[in-house]
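Please look at the structure below first.

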Amino acid sequence: KDLRPPVISLALSPGSGLSMAVLIQMTVAGKSFIGGNMEITLAANLTGTSRLWQDPAGIPSFSLKNCHVALISIKTNLPSSMLPKVMSKFLNSTLQKVLPGLLCPAVDAMLNLVNAKFTAMTSEIPLGTAGTLQYTLLNPPVVTEASIELDLKTILHQKEGKEVDLPTDQPSLASLPPKKDAATQLILSANFLSAELSILAASFNLDISNNMVLGLPPLVTTMLGELIPEISTVLPPSQPVVIEMREAKAPVVTITPDKSFVQLFSTAEFRVSPSDSAPESLFVLDVHSNLEAQFAIAEEKLQLSLALQRRLPARSAVGGSHHFVFQELPLEGVLADIIHVAYVPSIN
């Protein structure tokens, strides 16, 4: 009873793992050998070392190498005259035998909790319904006096099970940002984030209709005719228009010390969508969007949100039921507004 909160000191053992010292203070109560109740108040120092290694499945794992318990002090509620030296030695030797079996399993339990985190870290993570992500150790863990370095390999699979090729070149540790004291840092490369977004790109497809662009000019053929006089003569009046946004190439992530960006390469197909007949394709534009990326961490997950920074000039592409020659410039402002109001929120 009266088990006080332990005082724990941890230190990294370079090239090995973790060393710990735990000051434990408790009171043990029981029947006295002379009758009545006896209480023993003791203080003990538990020291242990653990090894950090890579198991056959490529998962980092802590294992307890040794655990020792040294008694610092023993006090009882028995009068000193009734506690001869032989009994004192008996208590001391008994406690020395009992305490390691009582306390060392707690260290094992603590290490198992950490190992469970490692196992969860290396399990397959679903990326929505688009594919999966998995981390495995590329090299054995490196323990220094200041930190533990885990060099991870990332494995990306598409929904069909095909593995996504990732660049194999690894940045040198000297090129990475300086480590913050008492913090865990996960360094992700722009190439990896680009590959991850490439898996999700199919979910960026969106059909944008008039009810999704509230606050903007109505998405109807009359609006298109006013912006592009060259096509006004072939457009049916006041018919709803649908813009089909489709990802044409894999997104590209760019990271700088100040800001991060995601470039999207899309096609925007403008289709007339009459209520009484099938949609008819008018024309297709290639759209290159530059979006500023903001990162945040919530509930152990990396969150990414995008905001339209600028949209590079759109170019007309082959397609549609008609072949038009027109200047896209008048359409670019409206298209940028539509991307900002409807497309980017859908991606986020």
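The torsion about the S-S bond of Cys67 and Cys104 is about -85°, so the disulfide is left-handed. The model is predicted: local features need pLDDT of at least 70, side-chain atom pairs count only at pLDDT 80 or more, and totals for chains, interfaces and linings use all residues. Residues are numbered from 1 along each chain as its sequence is written, and side-chain values use heavy atoms, with hydrogens and water left out.

**Disulfide**

- The structure holds 1 disulfide (a pair of cysteine sulfur atoms within 2.5 Å), which joins Cys67 to Cys104 with an S to S distance of 2.0 Å.
- Cys67 lies in strand β4 (residues 60–76) and Cys104 in helix α1, so the pair ties together parts that are 37 residues apart in sequence; helices (H or I, at least four residues) and strands (E, at least two) are DSSP runs, numbered from the N terminus.
- Cys67 and Cys104 are both buried (under 20% relative accessible area, with exposed over 50% and partly exposed in between; 1.4 Å probe, protein chains only).

**Aromatic pairs**

- The whole structure contains 2 aromatic pairs (rings of Phe, Tyr and Trp, the last by its six-membered ring, with centres within 6.5 Å; planes under 30 degrees apart count as stacked, over 60 as edge-to-face and the rest as tilted).
- Phe62 and Phe118 have ring centres 6.1 Å apart and planes at 35°, so this pair is tilted.
- Phe62 in strand β4 and Phe118 in helix α1 are 56 residues apart, and their pair links distant parts of the chain; both residues are buried.
- The ring centres of Phe270 and Phe283 lie 4.8 Å apart with planes at 25°, so that pair is stacked.
- Phe270 belongs to strand β12 (residues 260–272) and Phe283 to strand β13, so the pair ties together parts 13 residues apart in sequence; Phe270 and Phe283 are both buried.

**Ser281**

- Ser281 is in strand β13 (residues 280–298) and is buried, at a relative accessible area of 9%.
- The side chains of Ser281 and Glu269 are joined by a polar contact of 2.6 Å (a pair of N or O atoms within 3.5 Å; within protein, one must be able to donate a hydrogen and the other to accept it, and residues adjacent in sequence count only if both atoms are side-chain atoms).

**Second largest pocket**

- The lining of the second largest pocket has 14 residues, with Pro6, Ile8, Val22, Ala106 and Val107 nearest its centre (on a 1 Å grid over the protein atoms alone, a pocket is an open set of points where a 1.4 Å probe fits, with protein on both sides within 12 Å along at least five of seven lines; lining residues have an atom within 4 Å of a point).
- β1 (7–13), β2 (17–31) and α1 (85–121) each supply at least two residues of this lining.
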